[in-house]
There are 2 protein chains.
Amino acid sequence: MLKSNLYLDYAASVSANPSSVHVLGMLAKKKLENARKKIADILNVRSEEIIFTSGGTESNNLAIQGAIWSWLEKKGKKNLPHIITTNIEHPSVLETYKMLEKKKLAQVSIVEVEKNGIVDPKKIKKEIKKNTVLVSVMYANNEIGTIQPIKEIAKEIKHYRKKEQKSFPYFHTDAVQGANYLDLNVERLGVDLLSLSGSKIEGAGRVGVLYKRKSLPLVNIFGGGDQEQGLRPGTENLEAIVKFSTALKSVQSVKEKETKRLAKLRDYFIAELLSIFSHCALPGLPGGTLADKKFKEVPLIINGDLENRLPNNVNITFPKIPSDLLVIELSAKGIMASSKSACKSSRAEGSYVIKALRPDSDSEIGGVRFSLGKNTTKKDIDETVKALSLILAKLKKWYT
Amino acid sequence: MLKSNLYLDYAASVSANPSSVHVLGMLAKKKLENARKKIADILNVRSEEIIFTSGGTESNNLAIQGAIWSWLEKKGKKNLPHIITTNIEHPSVLETYKMLEKKKLAQVSIVEVEKNGIVDPKKIKKEIKKNTVLVSVMYANNEIGTIQPIKEIAKEIKHYRKKEQKSFPYFHTDAVQGANYLDLNVERLGVDLLSLSGSKIEGAGRVGVLYKRKSLPLVNIFGGGDQEQGLRPGTENLEAIVKFSTALKSVQSVKEKETKRLAKLRDYFIAELLSIFSHCALPGLPGGTLADKKFKEVPLIINGDLENRLPNNVNITFPKIPSDLLVIELSAKGIMASSKSACKSSRAEGSYVIKALRPDSDSEIGGVRFSLGKNTTKKDIDETVKALSLILAKLKKWYT
């Protein structure tokens, strides 16, 4: 018997290339397609509607740039396509729109969310024009955890398409933040494109997924091989893809139970904060100032809607204390919080999401985001509240 | 002491996000920069000249599309940029050029390689025009293993730039196939952009690297966060990046020895094939027909230059036998060979690289590639030659 020491290439010796014709390649191909089927079943779609990418950023870019180029290749650059989005999308959506505008390849309308971080579907509908090829609204926000009314927006878009007898605008949702807790059934959501990322699902490999409705035309961003129907050339990251499919299935199985548990913890956290910071800071928003006399000048704002939010997200602002400072102080006490999207952390400005909620606020102040996870307990919440009190005492000079 | 159970997000619980401000993020950032430094040292460049991508396909696309858009943003779409390449580049280069032409964003000149699979630097030089922004020639070919005269082409380009007092055309090389065996010193090579991929280095994670000379302007393909100087947004695949840096360092340390060992095996393999297939098949090319009477009608061609080729590559053609058939027969005997780039395996046509060497050959015939690796021994070669003889006897009807 011959041993297969004479390999196609090094890749084959580690894990075979699913696009190779030989036996190892065929076995790899089977693994790839099994993973694809598993994900398709969770989304209630067909296997061929699942495209693997390198991550959430690429999935969002492929959905947006792919739809834009499909229009441009058909209609030319004189009749620019129009796209609609909101002002609190992830940078991989917002910056892609800005980039397309800069390259003079698209026109963009940015709809502002309400004070609670939720967009009004009617305002989206109002922006739809004859050349609107795409609407992109995120499922849940990465900083403030607010859940957008995807089904309602989908209804408005379908209504428009039916009335005008057109196949577009297409509806894309960046569901990266929703994978662990929200309904991923594409039929129920009513979207045409949906992005997921392995980096937000525990145990998943570093890959992205883009669901693309079969009938929707999309143009690839990368030139290259025939992988993923030519929509995403490049050797498939098989190991990470298999991990992703297993991890997504696993979070789906505990989703309901875990959502309940975390929502309870989240609400307890918020209640504790509000009980200490007892008096409302800004009209119409939950919050308060610290009951304790020495903290009485520290108002607190809970950012984002309290009902329609991810079960694992709490985001707060102390309007006089820069959030970056709080994050560093919390980190020193072993609590990993965040002041804005890590993707934008190298910039000096504060969170553009918090700024979108309160345009007249000091942009340096921002908000502090706490994300609860499967290991988070009530004790962690208590210790965090206690740590915050100690930090506020230390940072007295910022508010007195 | 507080435990860090209150995570920024799930990503943090697995491996922290290097762009996060908290302690875990800072530790991750340090790991990322150490890996970058390690790679920069091997290439003899500065750390900030190393950009991490998702793989070789993306590295090539970023180099090409990035340079094209940098021109377009400066000079507008009326004065289209011109690019020069060869007809045996990897699909992630060739198809990217075709895509840019289709989108009416660039003009492309494709220089044909010589019969031996090597491009003539003078022919590249001849194609340079006033609007040539980029020349892209691969370091070593993925199918036939031929090594291109990168230093000579670099000299021609530098000479032109000096004469015209211009900073472009820039010179890009896809070095994905060369990482294990060839000199990666950018200064000696004289290139401005160089692509590497983890999928071709044993033990490396599934990431890509793009070296970009500091002064060279490049525009990002993806819209998104600030990672990789904004040139490649998206959460860094830290685990794979660290693996890549360690693996690249490791192959560099055994490169010389392994190159010698494999070149000897490769030449033994070719000699064995030629000793059986004793008489030259096509004028000017090495090859022959089988000495054994029953095989006398089977000519053999060794594809690609015998001197300037990767130490681990042997590519042969039996002009009457479709290569796909041979690959399947070899696979059944436990030998993993390949008939064309796995990236193009879903297409019915044969290898475009073999077609480039002999334009009048039957496109179904193609070539069979054998890649030797660190586990390959003389015994494997002997068994492969024996297996080929058995297969040829079985496939008699194809050539009698």
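Biologist: What are the ground rules here?

Modeller: This is a predicted model, so local features need pLDDT of at least 70 and side-chain atom pairs count only at pLDDT 80 or more, while totals for chains, interfaces and linings use all residues. Residues are numbered from 1 along each chain as its sequence is written, and chains are lettered from A and ligands numbered from 1 in the order in which they are written.

Biologist: Sheet in chain A: what is the strand order?

Modeller: The order is 1-7-6-5-4-2-3, in an open sheet of seven strands with mixed pairing. Strands (E, at least two residues) and helices (H or I, at least four) are DSSP runs, numbered from the N terminus; two strands pair if DSSP finds at least two bridges between them.

Biologist: Which strands are at the edges?

Modeller: Strand 1 (50-53) and strand 3 (107-111) of chain A, each pairing on one side only. Strand 1 of chain A runs antiparallel to strand 7 (residues 208-212) of chain A over four bridges, and Phe52(A) is opposite Val209(A) there.

Biologist: What about chain B, what is the order there?

Modeller: Chain B has an open sheet of seven strands in the order 1-7-6-5-4-2-3, with mixed pairing. Strand 1 (50-53) and strand 3 (107-111) of chain B each have a single partner strand, so one side of each is left without a neighbour in the sheet.

Biologist: Which strand pairs with strand 2 of chain B in the parallel sense?

Modeller: Strand 4 (residues 132-136) of chain B does, over four bridges, with strand 2 spanning residues 82-86. His82(B) has Thr132(B) as its bridge partner. Helix 4 (residues 91-102) of chain B lies across strand 2, strand 3, strand 4 and strand 5 (170-174) of chain B, at about 150° to strand 2. Axes are lines fitted to C-alpha atoms, for helices over the stretch in contact, and angles run from 0 to 180 degrees between N-to-C directions.

Biologist: Helices now. At what angle do helix 8 and helix 11 of chain A pack?

Modeller: About 25°, with the axes of helix 8 (residues 238-276) and helix 11 (residues 378-394) of chain A 10 Å apart. Helix 8 and helix 11 of chain A are therefore roughly parallel; the cut-off for that is under 35 degrees, with over 145 roughly antiparallel, 65 to 115 roughly perpendicular and the rest oblique.

Biologist: Which residues meet there?

Modeller: Leu265(A), Tyr268(A), Phe269(A), Glu272(A) and Leu273(A) of helix 8 meet Lys378(A), Ile381(A) and Val385(A) of helix 11.

Biologist: And how far apart are the axes of helix 2 and helix 8 of chain B?

Modeller: For helix 2 (residues 23-43) and helix 8 (residues 238-276) of chain B, the axes are 9 Å apart, at an angle of about 30°. Helix 2 and helix 8 of chain B are therefore roughly parallel to each other.

Terms used
Contact = placed C-beta atoms within 7 Å.
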